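Please keep the sequence and the structure in view while reading.

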Amino acid sequence: MGIYLNPGNRGFQTILNGTYVDKTGLIDYVNSTIDTPLKLTCFSRPRRFGKSFAAKMLCAYYDMSCDSHSLFDGLEISKKDSFEKYLNKYDVIYLDITRFISIATSVKMVIADIQAKVIEELREKYPLHIGEKENVLADALFSVSHKTGNQFIIIIDEWDALFREAKNDGVIQKEYVQLLRGLFKGGTATDETIAAAYMTGILPIKKYGTESALTDFIEYTMTSPGKLAKYVGFTETETRCLSEKNHLDFEDMQTWYDGYSFSRVKHLYNPNSVMNALRNEEIQNYWTKTESFESLKNYIEENFDGLKDAIVMMLGGQSVGVDISTFQNDIISYNSKDDVLTLLIHLGYLAYDQTAKSVHIPNREVAEVFQSATKGKKWTSVTRTIRQSEELLAATISGNSDQVAESLERIHEECTSILRYNDENSLACAIYIGYYSAKNYYVIIREFPSGRGFADYAFIPRRGTDKPAMIVELKYDKDADTAIRQIHENRYEGDLKKYFGNLLLVGINYDKDVKGANAKRHSCVIEKV
C-alpha cells in the first residue's frame, strides 16, 4: 500500500466504525461506466456533503492491494451483479488535492509535487517499466499499462482546490488543466491506461467561455445531479431512520437540514449536520464557518443590480429566478447577480429548483448563516427588523392589533426601501422578515393548503412550545376584515384545529393609496379561536 498508489481500505474502515449511511450504490454506477465512453465522472457538491467519504469508499472497493469483501458485506453494492467483477481488481491512484496544497512549499509547486510523488510510488511497484528520468505522470501511467496490461482507476478528491486556493493565478490553473488533460484527454493512450476516473469537488469543471476545460467528463452538479441525486446528501427515508433510531425529532431535522430538492429526489438533507446532531444528541446549527462563509459576506455585498433585492426576498421566505448558464465555474469570474446566485448554489447556501429555475434559502440552518452574514452596514434595516421581530410576535400573540399594524408599517417601509418596489411581494417579504424570530417556535408554511384554498401563512407550533397556532392572511388595497372573512369562508383554520387547541386568525391589509404624511397604510385584525 502507498499514499497515492493503492492507499488501501483503512479510510473506509474508519468510516464504517461510526454511524454509516449506505451510499455504496454509487459504486454500481461507477462500475457501469468502466471501459465505456462514460468512464470519466465528475460529481461536485458542497462542503459537508460527504465528498471525501465517497472517495475513500471507492478506493476501498477498487484497490487491488487489499481485500475489502468484509467491509462491503451486507451493503447495497454487495447485492449488485457488478460487485465481484470489479472488487479489488485495479491499481488505484488517489489524489487529495488539498493535501498536496497543504504540504507543498509553495502553491506553485503543487503540480510538480503531484507528478513526482505519484511517479515515485509507481516506480517502487513497477521498477522495470518507468524510466529514471520520467517526470510526466500521464506518460508513466501509459508505460505501465502498455507493458503490463494493468489499468488504473483514478480518484481525485477536492479536484477544484487549486482553482480556489490560486484563484487569481491563471498560470497555475492552466498548468493544472494541462495535467488533467494529459491524464484524460481521450484517445488510445487514455483508453489503454484508465479504466475509470471519479473526481469530486465543490465546483463544476471550469469553463472557458461556453466550453468545459475537460470535455470528456460526464458531470453531475448541484444544479443537475441527474441519476446521482440521491448521493448528494441524506434522503428523507435515511434521515427519518436515523432520527427515530437516535430518538431525535424528525420534524426538527426537516426544518434545520432539509431543503435541497431535485427532480428525482425531492428531499435531501445536509449529511454533516445530521450526523453532528446525532453525535451531540442536539439539533442546532452545525454549519461550519469556513472560508466560504467569509466569501458569502463578500459576495452578497457585491453591487450587482438586483442582488440585494434577491437576498432580501429569500430572507423573506421567497424564491428568486436565476439564469445559471453564464457562470464560469470558478470563484472570481462572476459578473452578474445570476453568477453570484449560481456560485452560492454550488457552495450549498442556496437550493436550486430545476423546474422553476429559481433559488431559495433551503432551511433554518442556512438561514441563520445568511442572518449572520447580513450584519454589515449595508444591511442595517434588515438586521434591525430581525432583531425586533420578537416584539412583533409578542404583540400578535397578545392580540394587540394596533401595535402589529404600527410595527408592520415600519418593517414594510424599510423592506420596500431596500427592494425598490411596492407590491404584494414586498408585503409578503416584510411579513416573513417581521416574524423572523417565530422560526424558533413555529414551522412557518407559506401558501398553506387548507380548507377550500391556500392560506398565505400558517404558523404551526413546534413541540414543547406554548405558543398558539396562527393563520395569517394578507390583503392588498382592501381591508383586514376581508382577510379574516376569507379565512372563515374558506375554512383555512380547519386543518390546524385538529392539532392545536389555541389558534389566532390574523388579517393584515396594506393600502398603498392612503394619503397624508401621518397616514397608516397597514391595518390588522386579530381573532382568537
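Two strands are taken to pair if DSSP finds at least two bridges between them. The model to which this rule is applied here is a predicted one. By that rule, three strands make up an open sheet in the order β10-β12-β11, and their pairing is antiparallel. The edges of this sheet are held by β10 (320–321) and β11; each has a single partner strand, so one side of each is left without a neighbour in the sheet. Between β11 and strand β12 (residues 358–360), which run antiparallel, there are three bridges. Within β12, Ser358 is the residue that stands opposite Asp353.

A further open sheet consists of five strands, ordered β2-β3-β4-β1-β7, and here the pairing is parallel. Its edge strands are β2 (91–96) and β7 (218–220); because each has a single partner strand, one side of each is left without a neighbour in the sheet. On average, and with direction ignored, neighbouring strands of this sheet are turned by 15 degrees against each other. Strand β3 (residues 152–157) pairs with strand β4 (residues 194–201) in the parallel sense, over six bridges. Asp157 has Thr200 of β4 opposite to it. Helix α2 (residues 25–33) packs on this sheet, where it touches β1 (40–44), β4 and β7. The direction of α2 makes about 135 degrees with that of β4.

The next topic is the pairing of charged side chains. Side chains of opposite charge can pair when their charged atoms come close. The whole structure contains 11 salt bridges. One of them joins Lys23 to Glu238, with the closest N and O atoms 2.9 Å apart. This pair links distant parts of the chain, for its members are 215 residues apart: Lys23 belongs to the loop between α1 (10–16) and α2, whereas Glu238 belongs to helix α12 (residues 236–245).

There remains the question of empty space. Rolling a probe the size of a water molecule over the atoms shows where such space is left. With a threshold of 30 Å³ or more, the count is one cavity. The largest cavity holds about 40 Å³ of space. Its lining is formed by Met222, Tyr260, Ser261, Phe262, Ile345, Leu350, Ala351 and Tyr352. By class, seven of the lining residues are nonpolar, one is polar and none is charged.

The largest pocket has about 1400 Å³ of space and a lining of 43 residues, among which Thr255, Pro362, Val443, Ile444 and Ile445 lie nearest its centre. At least two lining residues come from each of α13 (250–257), α16 (307–315), β11 (351–353), α18 (364–373), β13 (442–450), β14 (453–461) and α24 (494–497). The largest share, six residues, is supplied by β13. The lining of this pocket comprises 18 nonpolar, 13 polar and 12 charged residues.

The second largest pocket has a volume of about 630 Å³. Of the 34 residues that line this pocket, Gly50, Phe53, Phe234, Pro271 and Met275 lie nearest its centre. The elements giving two or more residues to the lining are α1, α3 (51–62) and α14 (271–280). In this second largest pocket, the lining divides into 17 nonpolar, nine polar and eight charged residues.

Note on methods
Residues are numbered from 1 along each chain as its sequence is written. This is a predicted model: local features need pLDDT of at least 70, side-chain atom pairs count only at pLDDT 80 or more; totals for chains, interfaces and linings use all residues. Side-chain values use heavy atoms; hydrogens and water are left out. Helices (H or I, at least four residues) and strands (E, at least two) are DSSP runs, numbered from the N terminus. Axes are lines fitted to C-alpha atoms, for helices over the stretch in contact, and angles run from 0 to 180 degrees between N-to-C directions. Contact means heavy atoms within 4.5 Å. On a 1 Å grid over the protein atoms alone, a cavity is a set of points where a 1.4 Å probe fits but cannot get out, and a pocket is an open set with protein on both sides within 12 Å along at least five of seven lines; lining residues have an atom within 4 Å of a point. Grid points are joined across faces, edges and corners, and a volume is the space filled by probe spheres set on the points. Ala, Val, Leu, Ile, Met, Phe, Trp, Tyr, Cys and Pro count as nonpolar, Asp, Glu, Lys and Arg as charged, and the others, Gly among them, as polar. A salt bridge is a side-chain nitrogen of Lys or Arg within 4 Å of a carboxyl oxygen of Asp or Glu.
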